[in-house]
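User: Hi! I am new to reading protein structures; could you walk me through this one, feature by feature?

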Amino acid sequence: MADLYFAGVDVGSLSTDVSIIDHSGKLLSETVIPTGVNGSEAAEVAFDSAIKLADLSREVITAITATGYGRASVAFATGKTTEISCHGVGAHQLFPKTGTVIDIGGQDSKVIQIDSHGRMLDFTMNDKCAAGTGRFLEVMANRLELDLDELSSPLNIEGESAPISSTCTVFAESEVISLLAKHTPREHIVHGLQRSIVNRIWSMVASIGIEGEVTLTGGVAHNRGLVVLLEEKLGLTLNIPENPQTVGALGGAHIARRAYQSSLELGPN
Amino acid sequence: MSIRAEIKYKIMKDYGAPALMALQDFKRRKPRPIPEAFGPPLDSNKRLKEILSRHYFLSRYARGVNKVAWVTSGAPVELLRAFDFYTIYPENHSALVGAKKQGADYCSIAEGSGFSQDLCSYARIDLGHMLSGKTPAGKLPKPDLLFCSNNICQTVLYWYKAIAHELNIPLIHFDAPFVTTEQTEADINYMAQQLQDMIPILERVSGRVFYLDVFENILKRSMETSRTWGAILDAMKAQPAPMTIFDAFGHLAPIVSLRGLPVAQDYYHILMEEVDTRVTQGIGAISDERYRLIWDNIAIWYKVRFLATFFAERKMNFVTATYTNAWAETTGYLNVKDPWNSMAKTYGQIILNNNLKHRLELMKKMIKTYSVDGMVMHSTRSCKPYSVGQFDLRKAITTDLDLPAVILDADIADERVWSEQQIHTRLEAFCETLEGSKHG
């Protein structure tokens, strides 16, 4: 069993992430690159670089799960699973007491309930609009001429944050433009944006409920200001993975590993 | 009534319509191949298409022979039938436009005239049709009368008012008080009285006299037709189910828009017989039915084929829906001996005019009796009365019955609201939950 390796390839709308694990589930390497315009090419590049990092070759990877929006375009995958299931399994691997996963990805936010094995029990997602997602923050960072790091600071502002609607990215952007025109301090706007996403996530959490520990995944978990506000709103401490972006890929790798193991248990036929 | 129009109508009925049917048959001589995931298609599909094509075709020659009424799906149409109105159902027509993926075109015509994009797409498509004359049915007759009931939503009243204003024609509104707990005697009396008050107006508009025995016969026919429809839906309790709910969405058209006419009554006998035979012979609508699902809300007309295929390929079959059930649920109240009160009970208590507690109990019952494993709820932008409350219903059902469920954000007929990739992920994740729950 010593030479078995498994990979998860998560082709998301903004980034493509790969995780490689060995037969025991130990993480060997991870990569994150921007997806760009060609998802299948991004998958190839990220996969090759993760293999190199782990000092392996393509041939030794036993099974590969593709996930994320571009999962259908990963020609070399041996299986496909939605990022919703993958985030559940990934969060369970990192924080085994996780009962609820909040994933704020590039163009989707999800709240996922999982059982004690990391299997998805129920989930809810944002609707068609990208408000409350990573894309929303990107649009706003651009408008405010800030980079994503600057948009991430926890802020202790005096008085109320600027009110920004949480229903639509395009409307929210015009609200930001009017706030700038009124010389509203940028930190009040940033605080308002963080709050807007938190409100959006809160309504999803409320619709599905919280069970067990709550783990936050997806690139937006890097936004420290948002994490502070979300914890405040939920009244609990969130588990934040070291690499929140690769939780889906990690879950994918574990799903590949589980599928391989159960196929062994079932025998060769 | 003009003699010329009558002769033209008769020629079209006896020669034009059969010629059209023959032409359609010729066009369909090479049937589309059926994907492996599906069982054999229903033979009744052909008859259904004939009935609907004929109905829309003859409608263009109806003016001058019969008065034309545009009617909402929940209105007590039996009363209009007693005056021989040729009835057109704008909701059915809008669904047809939606199914042809032309909804956005028609909607934008209405939007260009100032109607909000937040308005129901059935209404926008109908208004778009009225303003432009466009229709996939060739041509629709202008109405002499509008007949609506707020038992399905409040929008219909304002939508029909806009048409009445534009065309300067009478509008009759049947006001059905919402059932917050139980229907009261006062509600029933109020509705029964309205129906009787409509008679002189309908006599004036139609130029025909009301005969109680004619009306009673129509009521009897309508009752019998709805019961047959209910029995057809009941047959889907069989495993495997002889139809999918996507079939039923199509076969629903006659009970909605031709209710009370012999053609609908006869049609459901044909369909019933076919469905019964399939049950006896164990023929399923999909080749391998492993999971049974319930659908909530109106169909997503432009994606019926996509959804049917998506689920059939995963061995999942929709065996029941609150939507198709709506035309069978309350017809048990109809009683020829007490026509006015019984119509008030039937039309006043339909699902969209009834409280959420009622809906929850109804859905739980359907889930149990149809051996359902999972639930798909369509939260539709167009229909607020149907969509509000779905989050609470979902929570109650998933908690009490431990049933996996998913909500799809889409629209009934405006395809611009559809986000393919997001829906796909949501549906696949739902299937993963369902498979996990059944196989533990």
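User: Which domains is chain A divided into?

Analyst: Chain A is split into domain 1 (1–95 + 242–269) and domain 2 (99–240), with bounds that come from an automatic or database domain assignment. A word on the source: this is a predicted model, where local features need pLDDT of at least 70, side-chain atom pairs count only at pLDDT 80 or more, and totals for chains, interfaces and linings use all residues. Residues are numbered from 1 along each chain as its sequence is written, while chains are lettered from A and ligands numbered from 1 in the order in which they are written.

User: How do I read the contact between the two domains?

Analyst: Two residues are in contact if their C-beta atoms, placed from the backbone, lie within 7 Å. Here the contact takes 18 residues from domain 1 of chain A and 23 residues from domain 2 of chain A. On the domain 1 side, the largest share, 10 residues, comes from α2(A); helices (H or I, at least four residues) and strands (E, at least two) are DSSP runs, numbered from the N terminus. That side divides into 8 nonpolar, 10 polar and no charged residues. Ala, Val, Leu, Ile, Met, Phe, Trp, Tyr, Cys and Pro count as nonpolar, Asp, Glu, Lys and Arg as charged, and the others, Gly among them, as polar. The C-alpha centres of the two domains lie 26 Å apart.

User: Is Val247(A) buried or exposed?

Analyst: A residue is buried if 20 or more other C-beta atoms lie within 10 Å of its own, exposed if 12 or fewer, and partly exposed in between; the C-beta atoms are placed from the backbone. Val247(A) has 32 C-beta neighbours inside 10 Å, so it counts as buried. You will find Val247(A) in helix α7 (residues 247–266) of chain A. Leaving aside neighbours within four places in sequence, its contacts include His87(A), Leu94(A) and Thr217(A).

User: How do I read a sheet?

Analyst: Strands of a sheet pair through backbone hydrogen bonds, either parallel or antiparallel. Two strands pair if DSSP finds at least two bridges between them. In chain A, 4 strands form an open sheet in the order β8-β7-β6-β9, with mixed pairing. Its edge strands are β8 (120–125) and β9 (213–217), each pairing on one side only. Strands β7 (residues 109–114) and β8 of chain A run antiparallel and are joined by 5 bridges; Gln113(A) has Asp122(A) as its bridge partner.

User: Where does chain A touch chain B, and how many residues take part?

Analyst: The contact takes 15 residues from chain A and 13 residues from chain B. On the chain A side, β8(A) gives the largest share, 5 residues. By type, that side has 6 nonpolar, 4 polar and 5 charged residues.

User: Why is strand β8 of chain B described as largely enclosed?

Analyst: In a regular strand the side chains alternate between the two faces of the sheet. For β8 of chain B (residues 405–410), 6 of the 6 residues are buried, so the strand is largely enclosed by the rest of the structure. Ala405(B), Ile407(B) and Asp409(B) are on one side, with Val406(B), Leu408(B) and Ala410(B) on the other. Strand β7 (residues 374–380) of chain B runs parallel to β8(B), joined by 6 bridges, and Thr380(B) stands opposite Ala410(B).
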